[in-house]
Amino acid sequence: MPEVDRRQFLKLAGAGGAAAVGCEPVERLIPYVVQPEEMTPGMPLFYASTCQECPAGCGLHVRTREGRPVKLEGNPEHPINRGALCGRGQAGIGRTYHPDRYHQPMLRGGDGEWHPITWELAAETLAAMISGAGSKVAILGGPTGPTLSRLIDQWMAAVGAGTRVVYEPFAFEALVEASRSVFGVASRPLFDLSDADFVIDFGAESMESWLSPIEHARQIEEARDVSKHANGGARLIYVGPRLSTTAGNADEWLPAKPGSEGILALAIARVAFDRARARGRPVGGDPALIGPVLADFSPEAVASQTEIPAETIRRIGEAIAASARPAALPPGTALSSQRAVVTTAAVLLLNAVVGAIGKTVQIVPGAASAEAGSFDDVIRLIGAMKSGDVEVLLIHDSNPVYSLPPDAGFAAALEQVNFVVSFASIPDETSGKANLILPDHTPLESWGDAAPRAGVRSLIQPSVRPLYDTQALADTLLQTARAMGTGIAARLPSGSFRGVVESAWSGTDYRKALAKGGVFESSPSGSPVEVAEGLAKLAFKEPQLEGEGSFVLVPYPSPHLYDGRGANLPWLQETPDPVTKIAWQSWAELSHAAAAALGVGMGDVVAIETPFGRIEVPAFPRGGIRDDVIAVPIGQGHTVGRFASREGAARGANVISVLPALTDEAGGRAWLTARAKVSPTGRFERLAITQYSDNQRGRSIAEAVSLGALADGSSQTPHVSSGSGHEGSKPGESHELLRPYDPAADAAAESPYRWGMTIDLDRCTGCSACMVACAVENNIPTVGEEGVLRHREMHWIRIERYLGDGEPTLRAGRPAHTDRETLGGVDVRHAPMLCQQCGAAPCEPVCPVLATYHNPEGLNGMIYNRCIGTRYCSNNCPYKVRRFNWFDYGIHQWPEPMNLMLNPDVTVRGQGVMEKCTFCIQRVQSARQVAKDEARPIGDGEVTPACAQTCPTQAITFGNLRDDKSRARERAREGENRAYHALHVLNTRPAITYLAKVTRDQGREAAAPRGGGGGSRAPAEQGDDGGRG
Amino acid sequence: MTPPPAASVAAMIRPAPIPDDSKINQDILYVMKGTSPGYWLLLSIALTFVGIGAAVWLWQIYEGLGIAGYIHPVFWGVYIVTFVFWIGIAHAGTLISAILYLFRAKWRNAINRSAEAMTVFAVMTAGLFLGIHVGRIWKAYFILPYPNQRGLWVNFKSPLLWDTVAVSTYATISIVFLYVGLIPDLAIARDRHSGWRRVLYGILALGWQGTSRNWKSHTRSVLHLSGLATPLVLSVHSVVSWDFAMTLVPGWHSTIFGPYFVAGAIFSGFAMVLTLMIPVRRIYGLENYITDYHLDNMARFLLFTSIIVGYAYVFEYFIAWYSGVEHEQTSFWMRTFGAYWFSTWVMIVCNAILPQLLWFKRLRTNVPFLFVLSVLINIGMWFERYVIIVEGLSTEHDPSAWGVYTVSWPEIGILAGSFAFFVTLFLIFLKLFPIIAIAEIKELAIHAKLHPEGGH
C-alpha cells in the first residue's frame, strides 16, 4: 500500500466528505450581469401602488426583492389606510403568483377546447367580432379607476359598442339616492368617526366590509382610545340581527328585527328631535318638515316592530342627542333590503337631527362615484342578452356567473351571446363560459389609478414584470381598436395605457406622485346641507321579504372572502372567520333555540330553501343571533379555482344562489330579500373550526376592565408594572415567591435590547389582518380544509375570541363548541395570541437538542436546522403557539409559481420541524444592519413586525423594552392599570404585555331585547353569565 | 417481599418428583428443539405485522408525521404512549432478575430468564418508538452528546435527553444481565447440540467449563450486576415519568409521577410475564417448572402494584381537587367525563378494580383467569399512558386551543407492528436460548434434595 501522507489524506477525506454532502441539493446563485438600477441584491425595493381588492382604495407599498413583490404593506402616507391593510389586501399579492393563472390568450375552438393563441391573433379575432356585431357589443365589468374607465368609454365610442355596465356586487346606490332624497344632494356621504363621541351602526359592518373598513375601524378605535378619552371615548352601538365582528366591538348590541333598522333610526331621531325642540336647538332642517315625518315613530310605536324595548330606544335617543359629535351609519350589504333607500334615508335623517352633518358626516356634492353603475343596469343588460341584443360581451374584473343570483338568469342569457370575451387573469366561473380569454395583468403588474373619494387620487404602478404572456385590459382594447382600422384607432390615444395614465396625471408632479402613491389632499368638507323637501316623499315602511318560511335569510359579506373574490386566495380561506372561527367552509348561523327546534347541532347539514333555490349548509348554532334569522356568509360555493373549489366541486354553498334578483328603490342590489325554509338533511359535515371554546374559564387570557374600575383605580386585572414593579395584585394573592417581573429583564445583561410588544385588546377588533400579514411575511403555508379539520393550521398568530371572563364550571367544554354568546351580549374579547417570547420560556428547557433557546435579546430563538421534531416544546407551551410541519409543506403548499412570492429573508421550513413566531427577526436583523452601518443602536419604530405593521387599529406595538421611551413601553405605561400578562399564574414572564379591554358603561342596565331572544334577558355587559339563548 | 419458607421452596417444583439433571436439561432444551407448524404460523403472522409496521413507518418518514392522527395541541400520541408502555413492560424483567435476586426470592428462578428476555425485547421495541416519534429521524442523532466541530451540544436540562440516557443505559444493563445469566445454560446447550448451534453456543458460552472458579465468577457477576440494575428499575421509569412531570401541562405536572410510573411499570411488566409464560408453559409442558406457586406469587405482585397504581389514581384526583387549581381540576374532569372518558374508565377498571379479584386465592391459581386478567391489565396500562399523555395535552391552559385527538390507522399499524416485533423476537428467542434458567433450577433441585425438610 502506498504511503498516504497528510496532504493526500486530507484530499481523500475531502472527497469523501463531498460525496457525503452530495445528496444535498445544489443551488446556484447567479449574479446579475447587468445589475438593474436601484436594485441591490438582498435589499428590498418598495413601490407605491393601490390595493384593488375592494373599492375602498387603500394605498400600498409593494415590497419587492430582486424584482419580485414579496409583501404588500399599507402606504403610511395614504390618508385612507395610513399604513394598514386588511387581510384581503395582504392576501392580494397571491393573485400575481396564483397557480391557476392564464398563461396566454386562449380561444375556444369548435371542439370546445381551449387553444393558446397570440395576442395579435386575439386582437384580430376580437376586432373582427366587434366589427361584425356593430352596436351589439357590451362591456360588463367591475368598477375601475377613473383613467381606465374613461378609456373604456372612449374605446366604446370609437368602436361603436353599445352598452357598458359597471357591476359591483356590494355597491352603495342606496346611499347616494338617500342622500339625494334627504338633502337634495346626490352624494356618497363621507363618515369621519375619528373624533366622534357616539356612533350607532345600523348594520353597516363598518369594521368589516362597508365603504372603507380599515379607515372606519381606525377612526372608531381612535375615538375610543381610553388613554386620550378618560370617559372611554365614543360609545359604539350596533344594530343588527347577529353578533358580527363589528357588533363584538360595540358597547351595546340591539338585535333589532332585520329590516326594521330604518324605523328604529326614526324612533331614535324622534327622541332626539323632541329633546332638541324642547331645548330650542336646531334639528338639521325645517322642523315643520321633519316633525311630521317622525310623528308616527315614537319609541313606543316602533318597539313591537323593531323588537327593541321603548325604554332602550329612548335611552339611546337621549344619549345620541346629548353627544357632541354623534354619527349614525346606515346598513351595509347584509341589511340592504328592497327598501334600502328609505332605511338609509332614515339613518341620514337621524344624522341630520342630531347635528352630525358637517361634523362626522360630510355631504360632498358630486362625491358620488359617478362611474358606478347600478344593479338595475345589470338586470337590463341580462334582458338585452336574452333578447339577442348583445352579440359580443366583454367581461372584465368581475365574476357575474358566480355573484349574480340564478334568478337573474345571467348564465342562461350568456348562452344567447354569440361571443363572450373574458379578461380574467385567473379562471373563474365566468371565464370558463367565455369564447375568448384575454388575460389581464394582475394589479401588481398593472398601471392605473383610483379615486376612492374626493381629495384622494391614488396611482397603481406595476412592481413586477408580467409573469406570463398577459396584457393589460386597456392595452388589449387599444390593440383591438388598432386592428379594427386606423380610423378607429385615431380616435383613441396612441401608445400604451401607461402613457394614458401618465397623461391623465399631467397636472401633477407625476414622479413625485408615483413615489408617494398618489396625490392626497385633505378630505373636503361637505357643504352645509339641510333636510330637503324630498324627505316628505319617502314612505318609511318595513321591507317585504320574498317567500315563506320561518327564517329571515341574512346573507352577509364574509370579512375575508368579500363577495367571493377572495375565495381563490388560500390565505383568506385559511384565516378563520373572525366570529365563527371557521375556515375553508360555508356555514349557516342560527340560534340555539332554532337549532334545537330543528333538531340539528353543530355541523348538521341543513337545507335552506327559498322560492329561488336551495342550498345545503352545515349549521352553526350560536347564542349571538336572533331566533328568526338564519345567516349565511357570502363568498363560498365556487366551483372553479384551485383553492376556491373542492377540486371542481363546490366548496361550501353559494348563498347568492337562493336569493332573488331584486333591487332597492334606487336600482341598487337588495340582499335582505328572502325568507327561508330550513330543514335538516340528516347529513353531517365536520366544521373546520380553529377555536375549541370561547370560555376562557377565568384564566386571565383576555381580560377586561370596566371603565369605572379603570377610573377609580380598583381595576381587578392582574396588572403588571411596566417598570421594575411587582406582579400580582389580585386581592388575597401573594406573589412574594415570584421574582418581581420586569419585562425588560429577560435578556443578556450586556444586550441593549429586549424585544417586546404591547397589545391593546381594547383596540383589537378581531379582523385577523395580522394573521394574513404574518402568513405572507413568514412564508407560512396553508394546510387546506383537511389540515384545518385536524387543527394543523400553521398560523404563528391567531385571534382568540372569548366571551367574558368565562366560568370554570366543569360541565362547560362538553359538548364541544358550545358558545357563551347571548342575544344582546357584547362582552367579546379578541386576544391576538402569538409567541410570548417568555423570559422563563417553558419551551426552552425541554428541547433535548437546544433547537429552541433564549437569545441574548430575550427572544426564544428557533433553529430549524437543529430541530429533530420531538414536539416537546409545543407540549410545554401554555400559549399553544408552536406549529409543526406535519408534511413537507415547504414543497407541497407552494406550487409554481407561488414559490416566487416566498420571502427570501425567511427560511422555508422543511418536513418535521417546529416553527413559531419570531417577532419577525428578519426585520430586526435588517434594521440592525442599517443601524450598524451608521454606528448607532436600533431606534424605536425602526422595526415593526408584519402583524403590528398591518393592524388597522394599531392594537399591536412592538419595541425595545430596554428603551424606556419606546412606544411599546409608553403604551404599557399609559395603560398601566389595565396591563397584564396572559396566564400570568404560570410565571412565564412573557415579553408581551396585554392591555385589558375596556367595558364601557358597566353597571348601566342595558335593556334586553324583547323579541326573538329565546328568553335571554342578559344585560349587555353580562355576556359572561353563562346563559345561552 | 419476604422470601418464601423453605418448605414451599421444596414444594415449588411439585407436583412431579424432582427431576434429575438430565430430565431438566431435556425438558427445557426441548423447547428449543424443532418447530411445529403452529410456531411457523405464529411467526409468519408476527412477521407480517412487523412488515406492515415497517412499511407504515417508511411511508411516514417519506410523507411526514402528518399521516398520524396528531392534531394541535396534542403533539404526542400513540407513539409516545406505546413507548412508555414498552418501557413499563421492560421493568418486570429487571425487577425479577435483580431485585428478587438480591432478596433471595428463589421462586423467581423459574421466570427470570423469560422476564429478562422480555425486558430486552421490550426495551428494543420501545427504542424504535423514539425514532418513529421524531419528525426528522434522519437528524435524530443530534440527541446524542457526541463531540463535533460545530461545538453543538445537547441540552442536559431536557427530560427527553435524560430519557435517552436512561433508556440506553437500561438497554445495556438488561442485555448484559441477560447474557451473563445465560452463560451456564449456553454451555449446556453447546454440549447437547451439533452443527451451527454448537458453534454459536460455543462462542457465546465463552468457554464455560462449570468449574468452581467459573461458578464463583458467575455468581459474583450476577450479584454485582443485580446491584447495578436495581437502582435502574426505580430510576428509568422515574426518568420517563419526568418527561411529563417536569412540564407545565395540567395532568402531567405532578410530584407523584416517579413512584406512580414505577409501580405502573412493574404492574404491567408482571402482567406481560404472565401473558407470555402461561401459553409457553402450557405449550411446552413446563408446568413442573413454572408452577401454580409461581403464578400465585406473581398474582400477589400484581395485586400489590395494582393497589399502588389505584392509590395513585385516587391521589391524582384528590390533588387536582385539593390544589384548587382550576386548570388541573378541569383536566381531570375532562379526563373522566370528557372526550376520553372511555380510555379513562378502561384504565380504572382494568388496573385498579379488576385486579382486586386477586385477593381470592382460588383466582390467583386459576390459570385461564390469570391469563385473561393479565391481558386486560396490559390493555389497561396502555390506556393509562394514553389517558395521561393525550388527555393532558388535549385540555391545557388555553381553552381556545384545546383539541381532541383520535388515533389514526397508520398509528394502529405501527402499534400492531410493535407488538409483532416483540412477539417475533420472543419467538426467535424461544428457539435459540433456554427459556428457563436451567442452572438455577438445578441449583434449586439440589437445594431441595439436600434439605428435603426445609431450612437453608
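## Helix packing in chain B

Helix H4 (residues 78-102) of chain B packs against H6(B) at an angle of about 40 degrees, and their axes lie 11 Å apart. The model is a predicted one. H4(B) and H6(B) are therefore oblique to each other. The crossing in which H4(B) passes H6(B) is left-handed.

Which residues bring the two helices together? On the side of H4(B) they are Ile87(B), Ala90(B), Gly93(B), Thr94(B) and Ser97(B), which meet Val167(B), Tyr170(B), Ser174(B), Phe177(B) and Gly181(B) in H6(B). The residues of this contact of H4(B) with H6(B) comprise 5 nonpolar, 5 polar and no charged.

Chain B contains 16 helices and 0 strands. Its radius of gyration is 23 Å, close to the 23 Å given by the globule rule for 456 residues, so chain B is as compact as a globular protein of that length. Taken along the principal axes, the C-alpha atoms of chain B fill a box of roughly 70 × 55 × 45 Å.

Chain A contains 30 helices and 37 strands. For its 1029 residues, a compact globule would have a radius of gyration near 31 Å, and the 29 Å of chain A agrees with this. The C-alpha trace of chain A spans about 105 × 80 × 60 Å along its principal axes.

## Where the chains touch

How many residues of chain B are in contact with chain A? There are 43 such residues in chain B, and they are in contact with 46 residues of chain A. On the side of chain B that touches chain A, the elements giving two or more residues are helix H6 (159-191) and helix H11 (326-337) of chain B. H11(B) gives the most to this side, with 6 residues. By class, the side of chain B that touches chain A has 23 nonpolar, 13 polar and 7 charged residues.

## A helix pair in chain A

The axes of helix H3 (residues 119-133) and helix H16 (residues 473-483) of chain A come within 8 Å and cross at roughly 65 degrees. H3(A) and H16(A) are therefore roughly perpendicular to each other. Their crossing is right-handed.

In H3(A), the residues Trp119(A), Ala123(A), Glu124(A), Leu126(A), Ala127(A) and Ile130(A) meet Thr476(A), Gln479(A), Thr480(A) and Ala483(A) in H16(A). The contact of H3(A) with H16(A) has 6 nonpolar, 3 polar and 1 charged residues.

## Sheets in chain A

In one, 4 strands of chain A follow the order E11-E10-E9-E12, and the pairing is parallel. Strand E11 (252-254) and strand E12 (326-329) of chain A stand at the edges with a single partner strand each, so one side of each is left without a neighbour in the sheet. From one strand to the next, the twist averages 15 degrees. Within this sheet, Val239(A) stands opposite Leu254(A) in E11(A).

In the other, 3 strands of chain A form an open sheet in the order E17-E18-E19, with antiparallel pairing. Its edge strands are strand E17 (448-453) and strand E19 (518-520) of chain A, each of which pairs on one side only. Neighbouring strands of this sheet are turned against each other by 20 degrees on average, direction ignored. Asp449(A) stands opposite Leu459(A) in E18(A).

Strand E22 (residues 604-610) of chain A has bridges to strand E25 (residues 675-684) of chain A and to strand E23 (residues 613-622) of chain A. E22(A) and E23(A) form a hairpin with 2 residues between them. In E23(A), the bridge partner of Ile608(A) is Ile615(A), while in E25(A) the bridge partner of Glu609(A) is Lys677(A).

| Strand pair | Sense | Bridges |
|---|---|---|
| E10(A) and E11(A) | parallel | 3 bridges |
| E17(A) and E18(A) | antiparallel | 4 bridges |
| E22(A) and E25(A) | antiparallel | 5 bridges |
| E22(A) and E23(A) | antiparallel | 6 bridges |

Note on methods. Residues numbered from 1 in each chain as written. Chains lettered and ligands numbered in written order. Predicted model: local features only at pLDDT ≥ 70, side-chain atom pairs only at ≥ 80, totals over all residues. Axes fitted to C-alpha atoms, helices over the stretch in contact; angles between N-to-C directions. Parallel < 35°, antiparallel > 145°, perpendicular 65-115°, else oblique. Left-handed = near helix turned anticlockwise from the far one by under 90°. Contact = placed C-beta atoms within 7 Å. Nonpolar A, V, L, I, M, F, W, Y, C, P; charged D, E, K, R; others polar. Pairing = 2+ DSSP bridges. Rg over C-alpha atoms; globule rule 2.2 N^0.38 Å.
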